[in-house]
Each structure stands twice: as C-alpha cells, then as structure tokens.
Amino acid sequence: MEANMSKRKEPGRSLRIKVISMGNAEVGKSCIIKRYCEKRFVSKYLATIGIDYGVTVRNEFYKDTQGVILVYDVGQKDSFDALDAWLAEMKQELGPHGNMENIIFVVCANKIDCTKHRCVDESEGRLWAESKGFLYFETSAQTGEGINEMFQTFYVSIVDLCENGGKRPTTNSSASFTKEQADAIRRIRNSKDSWDMLGVKPGASRDEVNKAYRKLAVLLHPDKCVAPGSEDAFKAVVNARTALLKNIK
C-alpha cells in the first residue's frame, strides 16, 4: 500500500510513502484498507499475495517500508499471539542492516463490532502495543469505527518521521511504563492460580507470600503505574494474597 501526502510544512509538495499491513489470514487487513480508501466493506474473503502465496513472495515487501499496520482479530487469540512472529519475520527479512526502530507501527484491534466473540480485551492489546512504542487503535472494518482516526494518526506520524530525517520521534517510541511493569501484568493475566500470580511455589510460607505481594504491589500500585491493565492486575494481586493467607497457618 502506497500513499501520496502533502507535507504540512511545505504545502504543494507531495510525499511518497510505503506502508504495508501484516497479520494472520482473515483478520481484516484488506477490509480495513478498503473501508478507508473506498468507504465500503467487503464481507467475502479476498486472497492476498502476502498470506496466500507464502513468505517467499512476502519478503519482497519489507524493504524500504516507513509504516506498518499490524492487524489482529479481537475474537481470535491466536491472531493476537502471532503478532510477535510477524515482527520477528520482518526483522529477519530486513537483515542485520535493517532498522525497525525508525518505522512507524500501528496496531489495529479489529472486528470490535463482534462483541460477543471478543477474547482479547483492550487493555491486553494496548499493553502489548504501547510497551513496544507502537500506536494502538480499536477498529471495525465493517462499521468503519476507528478507521479514519487510525489512518490520520498513522500518516501524521509517518510525515513526522520523514521530516525528522527518517528517525522515529521520541514521543512515539517511549512508553509511560517500564518493561518490568508490562511483563508483570502479562504474567498475572496469564497465571494459572493465586500461587502463580504472586510468583511463589505452592506451599510457600506467609512471609514468602507477603514478600512477593509487596514487590508486586509497589510495582503495580495505581499511584505509580499507568500501564494498561495495571489496575486490574493490582486488584488481582490483592485478592490472590488474601486467598492464600486464609489457607496458610
């Protein structure tokens, strides 16, 4: 996908940019683009070169990219989990001299109109995106929700990139929370039980439980952590500690 834009600082001058979309099959990549460019929704699945003809064809598109639209279906957890693999493939194809730090990435949590089937909530998707310095938008190619806002912010960020000598502006690359906080929230979200949530072994002593709790409480307290999902994670940690201490003599 390529687009011509007028540079804001130099009216009348056209800026040619290269943008690609990535994500599993049937997450709505083509539909998002059609909704924006043609103002319509196509329900029938459209075969595309990148997905349906394999990586040997796909790898030709990564070079000289200035913007990437990463798409997943909020009703398919596998499509969300696959985002890391898509980034890894791009990094591999760009080679040792490729610089992904100077590419604008936007994550589209698509098909939000299908609320009954949603299994990846907003805080989980936003946490993943923002922890990497990526833009994040909730979108629906079917209804058009979030599409125009996403593309407008995306393109403005790419123009800023070009005007900044091809370097991603600092404001788009730094998260307002730490990697340690993001990792803790993910672990708590995916924990099997209260022991796992606090990071202690089953049968741990009261002191061990309290020590683990204090560490997480300081890390995720709402007054100190603004990461998406941190408030729910903090509440879960409090509840886990309470449940465990009830059964420890």
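Author: Helices here are DSSP runs of H or I with at least four residues, and strands are DSSP runs of E with at least two, numbered from the N terminus. This is a predicted model, in which local features need pLDDT of at least 70 and side-chain atom pairs count only at pLDDT 80 or more, while totals for chains, interfaces and linings use all residues. Residues are numbered from 1 along each chain as its sequence is written, and side-chain values use heavy atoms, with hydrogens and water left out.

Reader: How many helices and strands are in the protein by that rule?

Author: The protein has eleven helices and five strands.

Reader: What makes Glu 122 and Arg 126 a salt bridge?

Author: The term requires a side-chain nitrogen of Lys or Arg within 4 Å of a carboxyl oxygen of Asp or Glu. The closest N and O atoms of Glu 122 and Arg 126 are 2.7 Å apart, so the pair meets the rule. Both residues lie in helix 6 (residues 122-131), four residues apart, about one turn of the helix.

Reader: Why is Glu 122 called partly exposed?

Author: Buried means under 20% relative accessible area, exposed means over 50%, and partly exposed is what falls in between (1.4 Å probe, protein chains only). Glu 122 has 34% relative accessibility, and therefore counts as partly exposed. Arg 126, at 25%, is also partly exposed.

Reader: What separates Lys 77 and Asp 81 along helix 4?

Author: Lys 77 and Asp 81 are four residues apart in helix 4 (residues 77-81), which means a separation of about one helical turn. The two form a salt bridge, with their closest N and O atoms 2.9 Å apart. Lys 77 has 29% relative accessibility and is partly exposed; Asp 81, at 40%, is partly exposed too.

Reader: How do you know whether Asn 110 is buried or exposed?

Author: Asn 110 has a relative accessible area of 1%, so it is buried. The residue is found in strand 4 (residues 104-110). Leaving out residues up to four places away in sequence, Asn 110 is in contact (heavy atoms within 4.5 Å) with residues including Val 27, Ile 32, Tyr 72, Asp 73 and Thr 139. In the protein, buried residues make up 43% of the 249 residues.

Reader: What makes a set of residues a nonpolar core?

Author: The members must be buried Ala, Val, Leu, Ile, Met, Phe, Trp, Tyr or Cys residues joined through side-chain atoms within 4.5 Å. The largest such core has 27 residues, and those with the most contacts inside it are Trp 195, Leu 198, Val 200, Val 209 and Leu 220. Two or more residues come from each of helix 8 (179-189), helix 9 (194-198), helix 10 (206-220) and helix 11 (230-246). Helix 10 gives the most, with seven residues. Another core lies apart from this one and has 24 residues, among them Leu 83, Trp 86, Ile 103 and Trp 128.

Reader: Which residues does Leu 198 contact, neighbours within four places in sequence left aside?

Author: Its contacts include Arg 187, Val 209, Tyr 213, Leu 216, Val 237 and Leu 244.
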